Structures are given as C-alpha cells and as structure tokens.
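Please read the following explanation with the sequence and the model side by side. It begins with a single residue and widens from there to the whole chain.

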Amino acid sequence: MNEPATPAVADGHAIERVSRITCPECGQSSDESMPDDACQWFYECAHCRALLRPLPGDCCVFCSYGSVKCPPVQAGDACCGAG
Ligand SMILES: [Zn+2]
C-alpha cells in the first residue's frame, strides 16, 4: 500500500516587528520596533514630546498610531484582553 506523503502545511505568516508611528500632534513619524508579545501603552514623541496613548478600542499605541499593528494582533490573537 502506498500512501501519499502529506507535507506539513507551513503558513508564511511574517510578523512585522517595526511600526512607523505617526504623532497626531506634530505629524512626525518614526520607525519603532515592537516587542513580540507585549503591548506598549505609552509612546512619547521624540519630536514634540507628546505622550500618546491608545485610542478607545485599541490595545496599544502601535494599533492606534502605527503603520502596522502590534505582533499579537497580527498573529490573530487578542492581546491584553481576553487572552
Ligand atoms: Zn509629536
């Protein structure tokens, strides 16, 4: 009996670990690296010193102001909430 080998399915999900945060106060943007499994709630703009916090419904400043969302959200997990 010959059974065809079933290759393991490797999904090519690449998690982006750098997010470009754009400051809503002064419009400056800068690339910031994100922690893998933690959320950053506060971000101080290096340009105008504004302290950014997540918008309602967002888990971290990257989800609110970044070009990409935080790694846990990219992976499809609910981070910081019902984990
Ligand atoms: Zn700023």
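Phenylalanine 62 has its place in helix 1; helices (H or I, at least four residues) and strands (E, at least two) are DSSP runs, numbered from the N terminus. The model is a predicted one, in which local features need pLDDT of at least 70, side-chain atom pairs count only at pLDDT 80 or more, and totals for chains, interfaces and linings use all residues. Residues are numbered from 1 along each chain as its sequence is written.

Phenylalanine 62 counts as buried because 27 other C-beta atoms lie within 10 Å. Neighbours within four places in sequence aside, phenylalanine 62 is in contact with Ser19, Ile21, Met34, Gln40, Lys69 and Cys70. Two residues are in contact if their C-beta atoms, placed from the backbone, lie within 7 Å. Glutamine 40 and phenylalanine 62 are 22 residues apart in sequence, and their C-alpha atoms are 7.4 Å apart in space.

The largest nonpolar core has 10 residues, namely Ile21, Met34, Cys39, Tyr43, Cys60, Val61, Phe62, Cys63, Tyr65 and Cys70. A nonpolar core is a set of buried Ala, Val, Leu, Ile, Met, Phe, Trp, Tyr and Cys residues joined through C-beta atoms within 7 Å. Helix 1 (residues 61-65) gives the most to this core, with 4 residues. Tyrosine 43 touches Ile21, Leu52 and Val61, if residues up to four places away in sequence are not counted.

Attention now turns to the strands. Strand 1 (residues 18-22) and strand 2 (residues 29-33) run antiparallel and are joined by 5 bridges; two strands pair if DSSP finds at least two bridges between them. Serine 19 stands opposite glutamate 32 in strand 2. The hairpin of strand 1 and strand 2 has 6 residues between the strands, and there glycine 27 takes a positive phi near 85°. In a regular strand the side chains alternate between the two faces of the sheet. Strand 1 has a covered face with Ser19 and Ile21, and an uncovered face with Val18, Arg20 and Thr22.

Two loops follow. Alanine 38 lies in the loop between strand 2 and strand 3 (43-44), and it is partly exposed because 13 other C-beta atoms lie within 10 Å. Its C-alpha atom is separated by 8.3 Å from that of proline 71, 33 residues apart along the chain. Arginine 49 lies in the loop between strand 3 and strand 4 (51-52). Arginine 49 has 10 C-beta neighbours inside 10 Å and therefore counts as exposed. Phi of arginine 49 is near 65°, a positive value in a residue other than glycine.

Of its 83 residues, 19% count as buried.

Methods. A residue is buried if 20 or more other C-beta atoms lie within 10 Å of its own, exposed if 12 or fewer, and partly exposed in between; C-beta atoms are placed from the backbone.
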